[in-house]
Amino acid sequence: MTDADVLVLAHGAFHGPWCWQPTMQVLESKGLRCVAVDLNRGGLQADRDALQATVDALRREEGCRVHAIGHSLGCASVQALDASTLASAMLLAGSVGASEGMPHQSEMLAGDFLSKLIPQDDGRSFLSREDAMGMFYGECKPEDAECALDRLRPTFVYGSEPSDPTFWEALPVTYIACKRDRAVAPDYQLKIVDQMKYSAVLDSDHSPMLSQPEMLAEAIQEAMAHAD
(Lines give C-alpha, C1' and ligand atoms only; values in the text may rest on other atoms or scores of the structure.)
Protein backbone atom coordinates (compact mmCIF):
# COMPACT_ATOMS: atom_id res chain seq x y z
CA MET A 1 0.00 0.00 0.00
CA THR A 2 1.28 3.46 -0.97
CA ASP A 3 0.15 7.04 -0.49
CA ALA A 4 -1.42 6.83 -3.95
CA ASP A 5 -3.78 3.99 -2.96
CA VAL A 6 -7.40 4.81 -2.18
CA LEU A 7 -10.31 2.50 -1.41
CA VAL A 8 -13.77 3.23 -2.82
CA LEU A 9 -16.58 1.57 -0.87
CA ALA A 10 -20.06 0.62 -2.16
CA HIS A 11 -22.71 -0.14 0.44
CA GLY A 12 -25.48 -2.71 0.19
CA ALA A 13 -29.27 -2.54 0.03
CA PHE A 14 -31.11 -0.32 2.52
CA HIS A 15 -27.83 1.11 3.83
CA GLY A 16 -25.71 4.18 3.05
CA PRO A 17 -22.08 5.27 3.27
CA TRP A 18 -22.47 5.52 7.05
CA CYS A 19 -22.30 1.73 7.44
CA TRP A 20 -18.63 1.72 6.42
CA GLN A 21 -17.50 4.20 9.09
CA PRO A 22 -16.18 1.71 11.71
CA THR A 23 -14.10 -0.16 9.12
CA MET A 24 -12.97 3.06 7.45
CA GLN A 25 -11.72 4.35 10.80
CA VAL A 26 -9.56 1.24 11.21
CA LEU A 27 -8.20 1.48 7.67
CA GLU A 28 -7.57 5.21 7.86
CA SER A 29 -5.68 4.74 11.13
CA LYS A 30 -3.33 2.53 9.10
CA GLY A 31 -2.83 5.20 6.47
CA LEU A 32 -5.34 4.14 3.80
CA ARG A 33 -7.59 6.80 2.35
CA CYS A 34 -11.24 5.70 1.99
CA VAL A 35 -14.12 7.16 -0.01
CA ALA A 36 -17.63 5.76 0.56
CA VAL A 37 -20.13 6.48 -2.22
CA ASP A 38 -23.86 7.03 -1.71
CA LEU A 39 -25.78 4.67 -4.03
CA ASN A 40 -29.51 3.79 -4.22
CA ARG A 41 -29.88 6.15 -7.20
CA GLY A 42 -32.46 4.29 -9.27
CA GLY A 43 -31.01 0.93 -10.25
CA LEU A 44 -27.82 -0.84 -11.23
CA GLN A 45 -26.79 1.47 -14.07
CA ALA A 46 -27.29 4.64 -12.03
CA ASP A 47 -25.42 3.19 -9.06
CA ARG A 48 -22.61 1.94 -11.27
CA ASP A 49 -22.30 5.33 -12.97
CA ALA A 50 -22.01 7.13 -9.62
CA LEU A 51 -19.33 4.69 -8.50
CA GLN A 52 -17.42 4.90 -11.78
CA ALA A 53 -17.51 8.71 -11.67
CA THR A 54 -15.85 8.61 -8.25
CA VAL A 55 -13.19 6.17 -9.45
CA ASP A 56 -12.50 8.25 -12.56
CA ALA A 57 -12.24 11.50 -10.60
CA LEU A 58 -9.77 10.01 -8.14
CA ARG A 59 -7.61 8.72 -10.98
CA ARG A 60 -7.83 11.80 -13.21
CA GLU A 61 -7.73 14.62 -10.68
CA GLU A 62 -5.53 13.13 -7.98
CA GLY A 63 -3.51 10.42 -9.70
CA CYS A 64 -4.74 7.75 -7.28
CA ARG A 65 -4.47 4.01 -7.66
CA VAL A 66 -8.04 2.94 -6.91
CA HIS A 67 -9.31 -0.22 -5.25
CA ALA A 68 -13.02 -0.94 -4.75
CA ILE A 69 -15.12 -3.02 -2.39
CA GLY A 70 -18.82 -3.77 -2.65
CA HIS A 71 -20.97 -5.19 0.11
CA SER A 72 -24.04 -7.31 -0.64
CA LEU A 73 -26.02 -5.43 -3.34
CA GLY A 74 -23.01 -3.15 -3.77
CA CYS A 75 -21.13 -6.08 -5.31
CA ALA A 76 -23.23 -5.69 -8.47
CA SER A 77 -22.13 -2.07 -8.95
CA VAL A 78 -18.47 -2.90 -8.33
CA GLN A 79 -18.55 -5.74 -10.87
CA ALA A 80 -20.07 -3.37 -13.44
CA LEU A 81 -17.09 -0.97 -13.18
CA ASP A 82 -14.46 -0.67 -15.87
CA ALA A 83 -11.87 -3.17 -14.60
CA SER A 84 -9.07 -1.25 -16.29
CA THR A 85 -9.65 1.65 -13.88
CA LEU A 86 -9.08 -0.49 -10.76
CA ALA A 87 -6.01 -1.98 -9.13
CA SER A 88 -8.03 -4.59 -7.23
CA ALA A 89 -11.57 -5.28 -6.07
CA MET A 90 -13.30 -7.04 -3.21
CA LEU A 91 -16.80 -8.56 -3.16
CA LEU A 92 -18.20 -8.93 0.35
CA ALA A 93 -21.16 -11.22 1.01
CA GLY A 94 -22.85 -10.54 -2.31
CA SER A 95 -23.65 -12.01 -5.69
CA VAL A 96 -21.39 -12.60 -8.68
CA GLY A 97 -22.30 -12.45 -12.34
CA ALA A 98 -23.18 -15.62 -14.20
CA SER A 99 -20.09 -17.58 -15.21
CA GLU A 100 -19.08 -21.20 -15.66
CA GLY A 101 -18.58 -22.86 -12.29
CA MET A 102 -20.24 -20.10 -10.29
CA PRO A 103 -23.47 -20.76 -8.37
CA HIS A 104 -26.68 -19.36 -9.86
CA GLN A 105 -28.05 -16.19 -8.30
CA SER A 106 -31.23 -18.09 -7.49
CA GLU A 107 -29.19 -19.78 -4.73
CA MET A 108 -28.06 -16.48 -3.24
CA LEU A 109 -30.70 -15.39 -0.74
CA ALA A 110 -30.99 -17.07 2.63
CA GLY A 111 -34.31 -18.38 3.91
CA ASP A 112 -37.40 -16.39 2.90
CA PHE A 113 -35.69 -13.05 2.28
CA LEU A 114 -37.75 -12.18 -0.80
CA SER A 115 -41.05 -12.75 0.99
CA LYS A 116 -39.97 -10.28 3.67
CA LEU A 117 -39.55 -7.39 1.24
CA ILE A 118 -42.16 -4.65 1.54
CA PRO A 119 -42.85 -2.99 -1.85
CA GLN A 120 -42.85 0.81 -1.96
CA ASP A 121 -44.85 3.04 -4.31
CA ASP A 122 -41.72 4.18 -6.19
CA GLY A 123 -40.48 0.66 -6.97
CA ARG A 124 -38.10 0.41 -4.06
CA SER A 125 -38.43 -2.22 -1.34
CA PHE A 126 -37.96 -2.15 2.41
CA LEU A 127 -37.82 -4.51 5.39
CA SER A 128 -39.45 -4.42 8.76
CA ARG A 129 -37.19 -3.45 11.64
CA GLU A 130 -37.50 -6.96 13.10
CA ASP A 131 -36.57 -8.71 9.84
CA ALA A 132 -33.66 -6.36 9.18
CA MET A 133 -32.32 -7.00 12.66
CA GLY A 134 -32.38 -10.76 12.20
CA MET A 135 -30.90 -10.75 8.72
CA PHE A 136 -28.19 -8.12 9.03
CA TYR A 137 -26.99 -7.57 12.59
CA GLY A 138 -26.88 -10.89 14.45
CA GLU A 139 -23.31 -10.38 15.69
CA CYS A 140 -23.46 -6.62 16.27
CA LYS A 141 -23.50 -4.92 19.64
CA PRO A 142 -27.14 -4.02 20.50
CA GLU A 143 -26.42 -0.29 20.47
CA ASP A 144 -24.72 -0.53 17.07
CA ALA A 145 -27.59 -2.57 15.64
CA GLU A 146 -30.19 -0.10 16.90
CA CYS A 147 -28.27 2.82 15.42
CA ALA A 148 -28.06 1.03 12.07
CA LEU A 149 -31.74 0.13 12.07
CA ASP A 150 -32.62 3.79 12.61
CA ARG A 151 -30.76 4.72 9.42
CA LEU A 152 -32.04 2.10 6.98
CA ARG A 153 -33.99 3.29 3.93
CA PRO A 154 -35.97 1.74 1.05
CA THR A 155 -33.87 0.66 -1.91
CA PHE A 156 -34.06 -0.72 -5.43
CA VAL A 157 -33.16 -4.42 -5.49
CA TYR A 158 -31.35 -5.96 -8.46
CA GLY A 159 -28.78 -8.63 -9.27
CA SER A 160 -25.34 -8.78 -10.83
CA GLU A 161 -24.99 -8.83 -14.60
CA PRO A 162 -22.46 -10.97 -16.50
CA SER A 163 -19.38 -9.22 -17.84
CA ASP A 164 -17.12 -10.19 -20.73
CA PRO A 165 -14.39 -10.90 -19.89
CA THR A 166 -15.51 -11.81 -16.41
CA PHE A 167 -14.58 -9.16 -13.88
CA TRP A 168 -12.51 -11.46 -11.70
CA GLU A 169 -10.36 -12.53 -14.65
CA ALA A 170 -9.50 -8.93 -15.55
CA LEU A 171 -7.92 -7.87 -12.24
CA PRO A 172 -7.19 -9.27 -8.75
CA VAL A 173 -10.60 -9.84 -7.15
CA THR A 174 -11.09 -11.25 -3.66
CA TYR A 175 -14.42 -12.69 -2.55
CA ILE A 176 -15.02 -12.27 1.19
CA ALA A 177 -17.61 -14.69 2.59
CA CYS A 178 -19.46 -14.46 5.91
CA LYS A 179 -20.13 -17.80 7.61
CA ARG A 180 -22.94 -16.54 9.90
CA ASP A 181 -24.81 -14.61 7.21
CA ARG A 182 -28.62 -14.73 7.40
CA ALA A 183 -29.27 -12.59 4.32
CA VAL A 184 -26.99 -14.08 1.65
CA ALA A 185 -26.76 -17.85 2.02
CA PRO A 186 -23.36 -18.96 3.38
CA ASP A 187 -23.45 -22.04 1.12
CA TYR A 188 -23.77 -19.76 -1.91
CA GLN A 189 -20.84 -17.66 -0.72
CA LEU A 190 -18.64 -20.67 -0.06
CA LYS A 191 -19.30 -22.02 -3.55
CA ILE A 192 -17.94 -18.74 -4.90
CA VAL A 193 -14.92 -19.01 -2.60
CA ASP A 194 -14.18 -22.40 -4.13
CA GLN A 195 -14.02 -20.85 -7.61
CA MET A 196 -12.05 -17.68 -6.87
CA LYS A 197 -8.29 -17.28 -7.01
CA TYR A 198 -8.39 -15.00 -3.97
CA SER A 199 -10.83 -15.32 -1.10
CA ALA A 200 -11.34 -14.93 2.64
CA VAL A 201 -13.93 -16.41 4.98
CA LEU A 202 -14.99 -14.40 8.03
CA ASP A 203 -16.73 -15.77 11.11
CA SER A 204 -19.26 -12.99 10.85
CA ASP A 205 -22.86 -11.99 10.26
CA HIS A 206 -23.91 -10.15 7.09
CA SER A 207 -22.47 -6.85 8.33
CA PRO A 208 -18.82 -7.30 9.36
CA MET A 209 -18.16 -3.62 8.62
CA LEU A 210 -20.19 -2.97 11.78
CA SER A 211 -19.75 -6.14 13.83
CA GLN A 212 -16.11 -7.03 13.02
CA PRO A 213 -14.43 -3.91 11.58
CA GLU A 214 -10.89 -4.90 12.60
CA MET A 215 -11.21 -8.36 11.07
CA LEU A 216 -12.73 -6.95 7.88
CA ALA A 217 -10.07 -4.25 7.64
CA GLU A 218 -7.37 -6.92 7.82
CA ALA A 219 -9.04 -8.93 5.05
CA ILE A 220 -9.30 -5.80 2.91
CA GLN A 221 -5.62 -4.99 3.32
CA GLU A 222 -4.64 -8.54 2.42
CA ALA A 223 -6.86 -8.40 -0.67
CA MET A 224 -5.39 -5.08 -1.81
CA ALA A 225 -1.90 -6.53 -1.55
CA HIS A 226 -2.70 -8.80 -4.51
CA ALA A 227 -2.44 -5.73 -6.74
CA ASP A 228 1.28 -5.37 -5.97
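In the predicted model, the side chains of arginine 180 and aspartate 203 form a salt bridge with an N to O distance of 2.6 Å, a salt bridge being a side-chain nitrogen of Lys or Arg within 4 Å of a carboxyl oxygen of Asp or Glu. The two residues are 23 apart in the chain: arginine 180 lies in the loop between strand E7 (173-178) and helix H8 (186-195), and aspartate 203 in the loop between strand E8 (198-202) and helix H9 (208-211). Helices (H or I, at least four residues) and strands (E, at least two) are DSSP runs, numbered from the N terminus. Arginine 180 is partly exposed, at 44% relative accessible area, and aspartate 203 is likewise partly exposed, at 37% (buried is under 20%, exposed over 50%, partly exposed in between; 1.4 Å probe, protein chains only).

Residues are numbered from 1 along each chain as its sequence is written. As the model is predicted, local features need pLDDT of at least 70 and side-chain atom pairs count only at pLDDT 80 or more, while totals for chains, interfaces and linings use all residues, and side-chain values use heavy atoms, with hydrogens and water left out.

The structure holds 13 salt bridges. Another of these joins aspartate 228 to arginine 65, with the closest N and O atoms 2.8 Å apart. This pair links distant parts of the chain, 163 residues apart, with aspartate 228 in the segment after helix H10 (213-224) and arginine 65 in strand E3 (residues 65-71). Aspartate 228 is exposed, at 62% relative accessibility, whereas arginine 65 is partly exposed, at 27%.
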